[in-house]
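Good morning, and thank you for coming.

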Amino acid sequence: MTPELMIKACTFYTGHLVKTHFCTWRDIAIPLISEDELLAEKMEKAREYDNFRLQKYFFHLWHSYTEGQKKLLTVTLVRIRRMCRRYKLLAILTRWRDEAQHKYKKREEELILKHELQLLKWRSKLKRNVVAKEEFLFPEHGASEVSLGSEVPECDISLFPERVISRIFAYLTLRDIIICGQVCHSWALMTQGSSLWNSIDFSAVKNIITDKYIVSTLQRWRLNVLRLNFRGCVLRLKTLRSVSLCRNLQELNVSDCPTLTDESMRYISEGCPGVLYLNLSNTTITNRTMRILPRYFQNLQNLSLAYCRKFTDKGLRYLNLGNGCHKLMYLDLSGCTQISVQGFRNIANSCTGIMHLTINDMPTLTDNCVKALVEKCPRITSIVFIGAPHISDCAFKALSTCKLRKIRFEGNKRITDACFKFIDKNYPNINHIYMADCKRITNGSLKSLSPLKQLTVLNLANCIRIGDMGLKQFLDGPVSIRIRELNLSNCIHLSDVSIVKLSERCPNLNYLSLRNCEYLTDLGIEYMVNIFSLLSVDLSGTHISNEAFCKGSLILEHLDVSYCPQLTDEIIKALAIYCICLTSLSIAGCPKITDSAMEVLSAKCHYLHILDISGCILLTDQMLEDLQRGCKQLRILKMQYCRCISKEAAKRMSSIVQQQEYNPSDPPFWFGYDYEGKPLKKQNEETPLKGDEEVILTESTHNSEEELA
C-alpha cells in the first residue's frame with residue numbers, strides 16, 4: 001500500500017465519520033418544523049408587508065390632502081386679510097372722501113360768502129364815493145351833515161433809513177429819479193445815493209435826454225457806474241468817448257446805436273478793460289473792432305454780435321490774438337449770414353470755453369458749420385437755432401460730444417424723430433427742449449423723451465403730428481414728475497384723454513398751453529382742477545364753456561381763454577372767487593361777457609396788470625369805471641372792437657394805464673360773430689383793408705417793464 005492510497009483512505013474515513021455524527025447532532029439539536037407552519041409564517045409576513053404598503057399609500061394620500069388643505073387655507077386666509085384690508089381702506093377712503101367733500105364744500109361756501117361780503121363792501125364803498133362826490137359838487141345840499149374826516153398823517157420819506165430809501169428809489173427809472181431830484185432839496189439829496197447810479201438805463205429816455213446831460217452824468221458818477229444801457233440811442237462821438245471815464249464798468253449795451261463806430265469802440269475799450277458783458281447788436285462795427293476785443297477785453301464773458309454784417313471770417317480769426325477771448329461763455333451771432341464754415345472754425349479756435357450759443361435768423365447755417373464749431377468747443381450746454389432751416393439730425397449727432405442742457409429750434413422741417421433718440425442717449429441731463437413748429441416730429445419723439453429725469457421745460461407748439469398716444473407714453477416715464485412747463489399749442493390731435501393723464505402724472509406742472517386744441521371738451525377740462533400747482537394756463541381757441549377748472553387753481557396768475565365764444569359771466573365770477581392772485585387775463589373774442597362780471601373782477605382781482613377784452617361787445621363805459629376803482633395796478637389794456645365803449649371813456653382810461661389799444665369798430669369776420677354777438681353763418685371772403693378800421697393806440701410817458709426788457 002502506497003502512502004497516497006493511505007492518505008485517501010484516511011480522508012474518506014474522516015469525512016464519512018464527520019458527516020454521520022453531524023447529521024445525528026442536527027436531528028437531535030434542531031427540532032423539525034412543519035411546512036404548514038412555514039407557509040403560515042410567510043403569509044403573516046406577506047400580510048404585514050401588504051398592510052405596511054397600504055398604510056404608506058393612505059398616509060401619502062392623507063399627507064397630500066392635508067398639504068393641499070393647508071395651502072388652500074393659507075390662500076383663503078390671505079384673501080380674507082386682503083378683503084378685510086380692502087374694506088378697511090374702502091371705509092377709510094369713503095370717510096376721507098366724505099370729509100374732503102365736506103371741507104371742500106365748506107371752503108367753497110366760505111369763499112363764496114367772503115366774496116359776497118367783499119362785493120357788498122365794494123358796492124357800499126362805491127355808493128359812499130358817489131355820495132361824497134355829489135356833496136363835493138353840490139355843497140349846498142346837506143352841508144351841515146358833512147363830517148370832517150381825520151386828517152391824513154404826513155409821511156416824510158427822508159426820515160427812513162438810507163437803506164430803505166435806496167431800495168425804494170431802485171424801482172424807479174432814470175427819468176423818474178431825475179424828476180424826484182427836482183421836487184425839493186431833501187429829495188435831491190436822497191437821489192444822490194451812489195447805489196442808485198450803479199446801473200444807468202439811458203434807452204428809456206433816449207428821446208428826451210441830451211448828450212450834454214449824459215456826459216455830465218458819466219463824469220459825476222464815473223466811479224460808481226457798473227452797468228450802462230445805450231440801446232437805440234443816437235449819440236455823438238464825444239458822448240461815446242465819455243464812456244471810457246467809467247473805469248469800473250462791467251456791462252455795456254450799445255445795440256441799435258447807428259452812430260457807434262470802430263473809433264468810438266477803441267476809446268471805450270481803452271478806458272474800460274473790466275467789461276464782462278458787451279452787446280454790439282445791429283451796429284456797423286467791422287474787423288477793426290474785432291481786433292480790439294481780445295486786446296483790451298480779456299475778461300469778456302458775454303458777447304452779442306447779432307445782425308452785425310460788416311465783419312468777416314477774418315475778423316473772427318482776430319479773436320485769437322494776444323490772450324484771446326478764451327473766457328467767453330455766451331456768444332450771439334444771430335443774423336450774421338456772412339459767416340462761413342471757416343468763420344466757425346475760427347470761433348472754435350479762439351473761444352474754446354463757449355457754453356451758450358445763440359444763432360437765430362441765419363438761413364446759411366448748415367450741419368458743417370455746427371460740426372466745425374463743436375470740434376474744439378466741448379463745453380457747450382445751450383444752443384438756440386431759430387430760423388435755421390438747413391439744420392438736420394446730423395447736427396445733433398455732432399453735438400453728442402457736448403453736455404447739452406438746453407435746445408431751442410423753431411420752424412425746422414428737416415429734424416425728425418431720430419434726433420430725439422440722440423437726445424435720449426447722449427443728453428441725460430437736458431432740462432429744456434424747445435422744438436416749436438417742427439412738422440416732422442411724431443409720437444415717437446415723445447416716447448424717446450420719457451426716460452429723461454431732469455427735463456423741466458418742453459415746448460412742441462405747432463407739431464401737428466403729436467397725439468394722445470405720444471403724450472401718454474411721454475407721461476408714463478419719470479419725466480412727468482419733474483416737468484414744469486408744457487406747451488402743446490396747435491397740437492390738434494390732442495383730446496380729453498391727454499388732460500386726464502396730465503392731471504394724474506404732473507403734480508408740479510406750472511405752465512400749460514393747449515391753444516387751439518379743438519378736441520378738448522368740458523369733460524376733460526374739469527380734470528385740471530386736480531393740478532394745484534398751475535400758475536399759467538392757455539386754453540384759447542378751444543370749445544370749453546365750463547369754469548370748473550378755476551376752482552383748483554388758487555395760485556393762478558395768467559389765464560388766456562380768448563376766442564372761446566361759449567364762455568359766459570360765470571367764468572369771470574369763478575375767477576374772482578378762486579383766483580384772486582390773477583395778474584394777466586385775456587378774454588378776447590368772448591361776446592357773452594357783461595359789465596356785471598367785470599364789476600366782480602374789479603372788486604376782487606386787485607393785482608391785475610394785463611387785461612385783453614377785445615371783441616367783448618357788451619362791455620360799456622361802466623366797466624372802465626370799475627377797473628379804475630378796483631384794478632389800480634392795471635398797466636396794459638386792450639379794447640379792440642368794443643363798440644359800446646365811448647372814445648371819451650377810452651381817452652380818460654389812457655391817462656391811467658401805461659399802454660392801451662382801442663378800436664370802436666365792429667368785430668372782423670374771423671371773430672366768428674357779428675356786432676350783436678350772433679354767430680356768422682357765412683364768413684366774408686374778402687379781408688378788410690387797414691384803412692377801413694380805426695385803431696387808437698395810446699401809451700403813457702412811462703414805459704412798461706415789458707418794453708424795457
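This is a predicted model: local features need pLDDT of at least 70, side-chain atom pairs count only at pLDDT 80 or more; totals for chains, interfaces and linings use all residues.

**A guided look at selected regions**

With a relative accessible area of 35%, Tyr563 is partly exposed. I begin with this residue, which sits in the loop that runs between strand E15 (558-560) and helix H20 (569-578). Its backbone deserves attention: the phi of Tyr563 is near 60°, a positive value in a residue other than glycine. As background, most residues other than glycine have a negative phi.

Asn490 is not a glycine, yet it has a positive phi of about 65°. Asn490 belongs to the loop between strand E12 (485-487) and helix H18 (496-505). Its relative accessibility is 23%, so Asn490 counts as partly exposed.

The average pLDDT of the chain is 84, and 91% of the residues score at least 70. Over residues 140-152, however, the pLDDT is below 50, and this stretch has one contact in the model beyond near neighbours in sequence. Residues 683-709 also stay under 50 in pLDDT, and for them the model has 46 contacts beyond four places in sequence.

Let us now turn to strand E8, which covers residues 382-386. Is this strand mostly covered or mostly uncovered? E8 is mostly covered, as five of its five residues are buried.

Which strands pair with E8? Strand E7 (residues 356-358) runs parallel to E8 and is joined to it by three bridges. Within this pairing, Thr358 has Val384 in E8 as its bridge partner. Between E7 and E8 the chain passes through helix H12 (residues 367-374), and this β-α-β crossover is right-handed.

The pairing of E8 with strand E9 (residues 406-410) is likewise in the parallel sense, over five bridges. Here Phe385 stands opposite Phe409 in E9. Together with helix H13 (residues 393-398), E8 and E9 make a right-handed β-α-β unit.

Next, a pair of helices. Helix H8 (residues 262-271) packs with helix H9 (residues 287-296) at an angle of about 5°, and their axes are 10 Å apart. H8 and H9 are therefore roughly parallel to each other, the cut-off being an angle under 35 degrees. The residues that meet include Met265 and Arg266 in H8, and Ile292 and Tyr296 in H9.

Two further residues complete the tour. Is Ser203 buried or exposed? Its relative accessibility is 15%, and Ser203 therefore counts as buried, the limit being under 20%. Ser203 lies in the loop between strand E1 (199-201) and helix H6 (211-220). If neighbours within four places in sequence are left aside, Ser203 is in contact with Asn229, Arg231 and Cys233.

Lys105, by contrast, counts as exposed, because its relative accessibility is 52%. This lysine lies in helix H2, which spans residues 35-137. Finally, the C-alpha atom of Lys105 is separated by 57 Å from that of Leu303, and the two residues are 198 residues apart along the chain.

Technical notes. Residues are numbered from 1 along each chain as its sequence is written. Side-chain values use heavy atoms; hydrogens and water are left out. Buried means under 20% relative accessible area, exposed over 50%, partly exposed in between (1.4 Å probe, protein chains only). Helices (H or I, at least four residues) and strands (E, at least two) are DSSP runs, numbered from the N terminus. Two strands pair if DSSP finds at least two bridges between them. A crossover is right-handed if, with the strands pointing away from the viewer, the path from the first strand over the helix to the second runs clockwise. pLDDT is the predictor's confidence in each residue, from 0 to 100. Contact means heavy atoms within 4.5 Å. Axes are lines fitted to C-alpha atoms, for helices over the stretch in contact, and angles run from 0 to 180 degrees between N-to-C directions. Angles under 35 degrees count as roughly parallel, over 145 as roughly antiparallel, 65 to 115 as roughly perpendicular and the rest as oblique.
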